[in-house]
Amino acid sequence: MTKHARLIKEANDQTLRYFTRRHFLMDCVKGLGAAAFTSFLASCGSSGKTLLDVAGNPMAPRVPQFPARAKSVIYLHMAGAPSQLELFDYKPALQKLHNQLCPPSLLEGKKFAFIRGVPKMLGPQAVFAQHGESRAWISDHLPHFATMADDVSFLKAVQTDQFNHGPAQLLMQTGSARLGRPSIGSWVTYGLGSENDNLPGFVVLTSGGKTPDAGKSVWGSGFLPSVYQGVQCRTKGEPVLYLTDPEGMSRDLRRESINAINEINKQEYATFGDPETLSRISQYELAYKMQISVPEVMNINKEPDYIHEMYGTQPGKESFANNCLLARKLVEKGVRFVQLYDWGWDSHGTDENLAIDYGFRNKCREIDRPITALLQDLKQRGLLDETLVIWGGEFGRTPMQENRDGKDMPFLGRDHHVEAFTMWMAGAGIKKGFSYGETDEIGYAAVKGKVAINDIHATILQQLGFDHEKLTFQFQGRPFRLTDTGGKVITPILS
Amino acid sequence: MRLLISTGSWSMFIGRSHPLLVHLPIGILIIAFILTLLARREKWRHLRSALPTVLLAAALSAIFSCITGYLLSLDGGYEEKLLQTHKYLGIGVAVISILLYLLERNHQRFPRLQLPAALLMVLLLSAAGHYGGSLTHGDDYLTQAMPAPLKKLSGIQGPVNTVAYTNIGDARLYEDLVQPVLANRCYGCHNEQKLKGGLRLESIALIRKGGEHGPVLKDSLPEESELFKRLLLPEEDEHRMPPKGKPSVTPQELELLHWWIATGAPAGKTVKELDKTPRIMAVLEGMQPATPLDKQEFVPDESVSAGSADKIAALEAKGLKVMPVGTGSHYLMIDGINAAGFSDRDISLLTGLKEQLIWVDLSGTAITDSAFAVLGQLKKLTRLDLRRTAIKGNGMGALNNCRELRYLNLAGTAVTPEGFLALQQNKKLQQVYVYEAGIAPATLRQLQQALPKLKIDTGGYRLQQLASDTMIYHKVSS
């Protein structure tokens, strides 16, 4: 084509562009594409942007979606998973099958963490009785808690799909068995902020000598800004590590240096707008205030003797009892979410400490008084009315006796069980003296009132004034929520 | 709460202009149609010269309507089938407008095609408009508003009644549960006018009468009653009811009909009076009208005007947290957790929000008895927390004006018997906490007698010392 011809073709094309519908339609398509593209671009933006609206303080208290029943939550997690069959789920029929071989129907197509071959059935290793007006079955392992039967709602048919501790704890605490999701406490503080300006909104206390198998991710903030992660407080030594001023640094000097750091951070934020910078500013501020407020609230020495006697606390020790008393103190001070982990409930029967007939009973004794005292103490202060208390493990335990590697165990033990286990909730608009859900006659499978882990999450959020489907965070181009794609509020247990 | 609202996007924004834009092609096309008709007469021939411009405008606006409509549909939330119909009709309108424009420009070549094309356009336009309206307003938008005589004339039956019970046990089986099913699924054809199969179903008597093929109801035997049997037939079966293409009866409704016939098709009987099978129990459980999850008795049902932002700011300046109890509510809660210094000097600031304040937590603040005069003005107050304050109860009688007060926390205060007994007039009070308030048992009894339903929690719980508390379980080594 000559240069001349090309010019003419170009001119013709140009004319056509003005007149023909083909070009017109083509332009329309481009316009449509552009419109779609801008929406695509918008979703790629920095996700935390919406947080900036909260007057610069990500922990400022916020309005729930509807009037809440609960102001605070105390979650008592028994890490390792206690046996429901020795505590709340009374199965006389299982006693009759004690020491008999497990029928194949219970084993076909099932997977267990440790049980191999054909195990024997293990009858309940506790004496059960009905308690309170609600006639709730509670074993003699929890004689004090039995007096609280008419204050709690039992969930007898909770189900999970993870039979190893780590993933199951993650699922229970973050709604996903894989790492990277925010924990319940993070979601709650993200949604509601915290009331007390001088204390963290989400406090974690551990006992039993170990942290949960899943590690600190169970109180992590996942993709939420890190200001919402749980703050672990210790009952021995410094309550929060590295909180005291180093030698030679006065409190005034510390104030000055924090002011300077925050000033630089503010400039940084003005330039880049990264919400993590805001997190950092508020964390410096909070840490400074916590130097005074945390040692004060974490000090249980000033509590009267009868309170110590009630909880069975021994100041200066790391114990579940101390943590229960601290939980009450923290909630009283307006902390939004207090998470307790107590390790040592993994009763496989591998040694005496992990034996259903020895170590397990000792663990029960360790929690019986403190939990009862916590409920009563909250009650007498008028706080149980606005504090949601949750108790449970990450799964349950099998009605079969564990036979690790197909061999008899030195002690009585039960394997991990996902199909049915018991949890309970109390306070803050939860029915008193109620039981929801049933298992079959040997406590193997849930038959009625099944509850999934995200149903529990939905219920917690509900009591705090949130529709679990609407508490979301935009991440990787889609809104995420604690209950992921499931979750149904357990309305039968709501009063 | 801004934090939780999903962000918008360009496509959504442009899409939402569809309901606005869409009326342009409608109007322009109707004008074009009128012009086309008029221009056929000699007298109005000169109008023809306007047609190309009008039709071009119509075609352009129709195309833009299609694009915005498509973007809007990405938003979701529309009934798929209806949406598809509307979409294709809308595209059809755009295509035919372009066609009309091109025909007009080549008028000499296809003079005979113009009128049929214009008529087709009007048909498409009406249909697209109709389905568009159904999409946004629902397909019974117009018929619902129809006056009764007109409704009767066109054979439309509205739903007999909506949920008329608050407890499923009190619902009347036929009147409240079965009749609405029949009304929604059957009345359309089996009524006075239509009388399909000679059958009417609007009352028990008419049901018992049956149709031209005999009775439809066999007492207590649902499996042998045509009224039930036919519902179970496969959709292709010509005897099946409701016939193919009509919405079928849901499994839940099937169970209800089955139960009603099985219990002898009673009238006026309530659910709790009748024998229940486990199956129907499960269905009934699901029909219990839920109390709305976002309602609670600590928040008044009636709404209130918004509190003054200045008054809220004034309180917040004193360190109190003042917030709505829920998003969209104007009722306020106060939290004094960070305001230990809040005192009687500032308490009068509360009066500015006396209509809105319903939950007031002043625990641990520096207020004293003079606060009662102000607290007594908060007419809507339902929760009041005065834990660990220096109140003694002088002037506590002012709280009698807080008629809605349900929760009162006096734990750790030194409230006097006189102040405490002044609560006798607070008839709605449900819980009072007096832990460590040192109130004598006689005084407690007196208030309890006056308000028998009130729960007074004196606290001071003690746990028994049990032998098992200190027992450590060990394997006895032999």
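Two strands pair if DSSP finds at least two bridges between them. Helices (H or I, at least four residues) and strands (E, at least two) are DSSP runs, numbered from the N terminus.

**Entry 1, ground rules.** I am working on a predicted model, where local features need pLDDT of at least 70, side-chain atom pairs count only at pLDDT 80 or more, and totals for chains, interfaces and linings use all residues. Residues are numbered from 1 along each chain as its sequence is written, and chains are lettered from A and ligands numbered from 1 in the order in which they are written.

**Entry 2, strands of chain B.** I looked up strand S1 (residues 321–324) of chain B and found that it pairs with S2(B) in the antiparallel sense over four bridges. Within that pair, Val322(B) has Ile334(B) as its bridge partner. S2(B) also pairs with strand S3 (residues 357–361) of chain B, in the parallel sense and again over four bridges. There, Ile334(B) is bridged to Val360(B).

In a regular strand the side chains alternate between the two faces of the sheet.

I noted 18 helices and seven strands in chain B. Of its 478 residues, 32% count as buried. The radius of gyration, taken over C-alpha atoms, is 36 Å, whereas a compact globule of 478 residues would have one near 23 Å (the rule is 2.2 Å times the number of residues to the power 0.38). The C-alpha trace spans about 105 × 70 × 65 Å along its principal axes.

An automatic or database domain assignment divides the chain into domain 1 (9–139), domain 2 (168–287) and domain 3 (309–457). The centres of domain 2 and domain 3 of chain B are 56 Å apart, taken over C-alpha atoms.

I counted residues as in contact if their C-beta atoms, placed from the backbone, lie within 7 Å. Chain A gives 50 residues to the contact and chain B gives 51. On the side of chain A that touches chain B, H10(A) supplies the largest share, nine residues.

Key: A residue is buried if 20 or more other C-beta atoms lie within 10 Å of its own, exposed if 12 or fewer, and partly exposed in between; C-beta atoms are placed from the backbone. Two residues are in contact if their C-beta atoms, placed from the backbone, lie within 7 Å.
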